[in-house]
Every structure is written in structure tokens, then in C-alpha cells.
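Here is a short report to read alongside the sequence and the model. Take a moment to get oriented first.

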Amino acid sequence: MLATPAIQKEIQRRRTFAIISHPDAGKTTLTEKLLYHGGVIHETGEVKGKSGAKAVTSDWMELERQKGISITSSVMTFDYNDLRVNLLDTPGHKDFSEDTYRVLMAVDSAAMLIDVAKGVEERTKKLYEVCRLRKIPIFTFVNKLDREGKDPLTLIDEVEKTLNMQCYPVTWPLGIGQRFRGIYNRLTQEIWIYDQRREEVEDYQKIPFVKGKDDQILYNYLDKESADQVLEELDLIEGALPPFDVNEFLTGQISPVTFGSAKQNFGVDTFLQFFTKYAPGPQPRTTKDDQEVDPLDAKFTGFVFKIQANMDRRHRDRIAFIRICSGKFERGMKVQHSRLARELRLSYSSQFVAADKETVDEAYAGDIVGVGDTGNFAIGDCVSSAGKVQFEDIPKFAPELFGRLSVRDALKRQKLQEALRHLSEEGAIQLFIEPHVGMQDPIIGAVGELQFEVLLHRLQDEYNLEVKLNRLPYSVCRWPRTADGKAVSSLKGGANMAEDLIGNPVVLVNQEWDLNWLKRENPDVEFQTSISRAR
């Protein structure tokens, strides 16, 4: 049964997207500027601000501010052009790729950010592949036009060849680096001219421009070489490209490209206007039994894609982030928890601008809502207002670095165990238990060095625990399974076996050679690099 017309109207004005990029492409700066244009903040900070500069809103964790990178995904909500926009800022660093992957399961579109000087980088490729796998439409924003970089035709050719995706330039840059004077909007046929030294964000000129008729205007604002180049480039793209096809964008065949400078706050509003016009609303979600859940359905459904502890350390809080898939959420409502097979009341609910949260009484399909969690939720859990619903699993991936932690004060061992359990439930690390050792001294798995660094920092900062990390020689972790997916708890060949926190057997070996040996000794076993979080 469909929801009432009033609820349907609210659902249809939701837009939920993630920003993805290689580290240092300007992702968090772009997020800040989008929040500025959404009226959420009235002053923007830079990620790598000088001493005394305002810290960015979307990086709430202290270590993020120190390092100038995003370590955990942030969720932000704002209104723009009569739409409610849910923006998820993701970590670009590969060590936090699992967090980014989970976020991409909760969005309906993505904005891919590309540095004009560096082009398509390694992390961008991997994140693009995840988007393509999930059939997520992608907007492209070419950033840092105020710095020297590749010319736009070369850049678009690189994107198309590297990612095997056709680009559709919505705007075109008028010069690059010190000669960057603005952009040409191909859809509205206007040029936007600005001064890089301007004091006000809104201080730019908007001039009607028809190619072939108004060419002289470019020579009034650009040097002759830049104007000649822009006119030549526009001749090429205008002659080669058909009109913008919305369906080709929504099916992932083309990516609309806009140019600008997030740091200079130029071109960001153009992107936002284009985004709100063409971004898809909440999309249907498929359950494990291949049923499609319509977002306009009257029944409330959702899934947990992220858990974050200690956003408010004074209260030792723990927030489960739920992507609403259908219907309407109301604070205090009772829901069926599919994994626990029991009813829960969602009493404490919030929406966020980074760590600043405000109570939300109602939310709709497409929204992200944070609910207070006392330990009932795990990543991948599904909830509904009636009956059981199971959306597709959210996988976890094999870590590559391993260690154990020791605490100087023996009386704090229990506190350490509790902290590690909290952080593993967030997905920040993975814990493996050896049968002969037990939970009191787990093996810690991380994807990269930075994850270990964040772990040590958070244990000190949030739990007041001084610990020492003792590295272990393992570098390969796999979940052994039979061909029909059943767990294998013993192997030939003398493998070191452990279990993850939900009892799945796992094998840990020092190097790939050891794994190949186990594969030869156990030909009927599949050694999986990822596994469902479902219990």
C-alpha cells in the first residue's frame, strides 16, 4: 500500500548523495561550500587551515582536524531549491575504504571530485568501480581551477578512457590557474565572470553568451590566447555532443561534468543547481528474497549502514545511522528488528551537520537518521514498522595488518576490551579471537597503517587508555568456506585458525605463499576475501 499523498510529496523531494574522491582533491572543502550555499553555515573553514583559521564543519573528530583529512564519513542535511539534501562526506584515504563502501550503499547518486592537475587518481578509479557496480549515477566536479593543471579537453579524454565512461560538460572553464576568469554554462548559455580576489562569494558577473554571436565578449575579459583556446574547445564539444540525455545519466552511461574551485567558492552553486535539477530521488531497494521495496510504500523500512561511538564523549553516546528506504519515520515509533526478531522503540533520533545534532521528530524515505543505540544495532541490521525485512548484506573485507594491544595498567584491561568491542562494532577495526587465548587478548586487524594510528589516538582521546601496539607477522586473512557457503573450521596444512566476533572461522597466514599452500592442501575450500556482516 502506498503512503498518503503528503508523505509521498516529502519522499519525492529527498536527494541523498555522497562525495567521492582521491585524498586531497578538495572533497571536504567542497562539502563546506555546499553547506554554505545550503544556508547551514555562514562562514567556511579550510581543511588545511593556518593556525587560527576556522576548522571545517564536516570533520568533527579531533585527529581529522590535526591531519587535514577525513577519517570517518560525515552525514549532513540541508535544504536547497525546495529539496531536502542529505550529503555524505566520505574518507578518501584507502585505509578507510570500507567506511566509504558502506556509505555508497546508502546513497542514490554520487559526486566524483577530480583535481584539475592530477586527473583520475587511483582511489577515484576504485570508488568509481563501486559506483558502477551499484549502478549509482555519477556527477563529476573538476576542482582547483584556480591552480595550474591539465587543459579541460585532455582531462575529459583521460576520464573517459580511464573510467570507460562518457562525459557531458555542463560548464566549461574560461582559462586555468592564474588566468582562470570564470565558467561558461552550456545549458543556460551564460558566462560567469569573477575576480579571484573578490571579497564576496556572490560577487561575479552573469552575461548571456551565444557562441558565434557573442565571441567578442570573451576577449573583453580573457587574454587573447585564453579566449582563442576557449572558442576552439567550444567549437569541438558543441559540434560533437548531442543534447544532455537525463536517462543516460540516470542509467550511468554518461556523467555530467562541471568545473570550478571549491576553495574560491566558484562554480559550486552552479553544480548544486544542476544537481538539484537532475539528481534522482529515493530509489527502490531490493531485499534478499528479490522483492523490491518502493520508497513510496506506506510501511517504514530502513537499514543501519554506520555506527559511531563517542560523538558526544560527555555522554558516551553511540549512534546507529539508518538509511530510510520506504515510508515515514516518527520519533518514538516501534519497529521490528529483523536480526534480533524483536520489537524496539526508536526513542532518541537526530539529524546532523557533522557532530552537531538536533532532534528530529519525523523523517522520510531517502533521509539518514541517527538513533540512540544501547548495543542493539550492528552494521547491516534492518528494521521495519511491520513484519521482517532483510535488505542485501553489507560486506566486510579482509584486513592486511595485524597486531595485539597491551595496556600498562593491568586494572584497565577490561576497559580496553570494552573499547575494542565498541570500535570493532563501528567497523573501525576487526577483532579475531583465538580459541586458546579468548576475548581477553584479541588479534586486531586493520586495512592500513592509518587505521592503527586512529585506533591508538581514539583509545587515548576517548577512553583515556595508554596502550602499546605489538605487531604480528600476518599479512593475509581469509574466511574459509565450502562451495555452498558453509564455514570451514579446520584445514589441512597446519593453518592458524581464529574466529571473528560473530563466530566465523578465519585463517591468518604470514604471506600469499602460505595461502597458496593451503589452497593446494584444501582444494575443495574457497578462501574468501570478504564476508557478509549478517549473523
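## Ground rules

This is a predicted model, in which local features need pLDDT of at least 70 and side-chain atom pairs count only at pLDDT 80 or more, while totals for chains, interfaces and linings use all residues. Residues are numbered from 1 along each chain as its sequence is written, and side-chain values use heavy atoms, with hydrogens and water left out.

## The whole chain

The protein chain holds 13 helices and 33 strands; these are DSSP runs numbered from the N terminus, helices being H or I with at least four residues and strands E with at least two. Of its 535 residues, 56% are buried (under 20% relative accessible area, with exposed over 50% and partly exposed in between, for a 1.4 Å probe and protein chains only).

## Cysteines

The whole structure has 0 disulfides (a disulfide being a pair of cysteine sulfur atoms within 2.5 Å). For Cys325, the nearest cysteine sulfur is that of Cys382, 7.7 Å away. Cys325 is buried at a relative accessible area of 0%, and Cys382 is buried too, at 1%.

β17 pairs with β18 (residues 342-345) in the antiparallel sense over 4 bridges (pairing requires at least two DSSP bridges). Here Val335 stands opposite Leu344. Their hairpin has 4 residues between the strands, and Ala341 takes a positive phi near 55°. β17 also pairs with β23 (residues 382-384), again antiparallel, over 2 bridges, and Gln336 has Ser384 as its bridge partner there.
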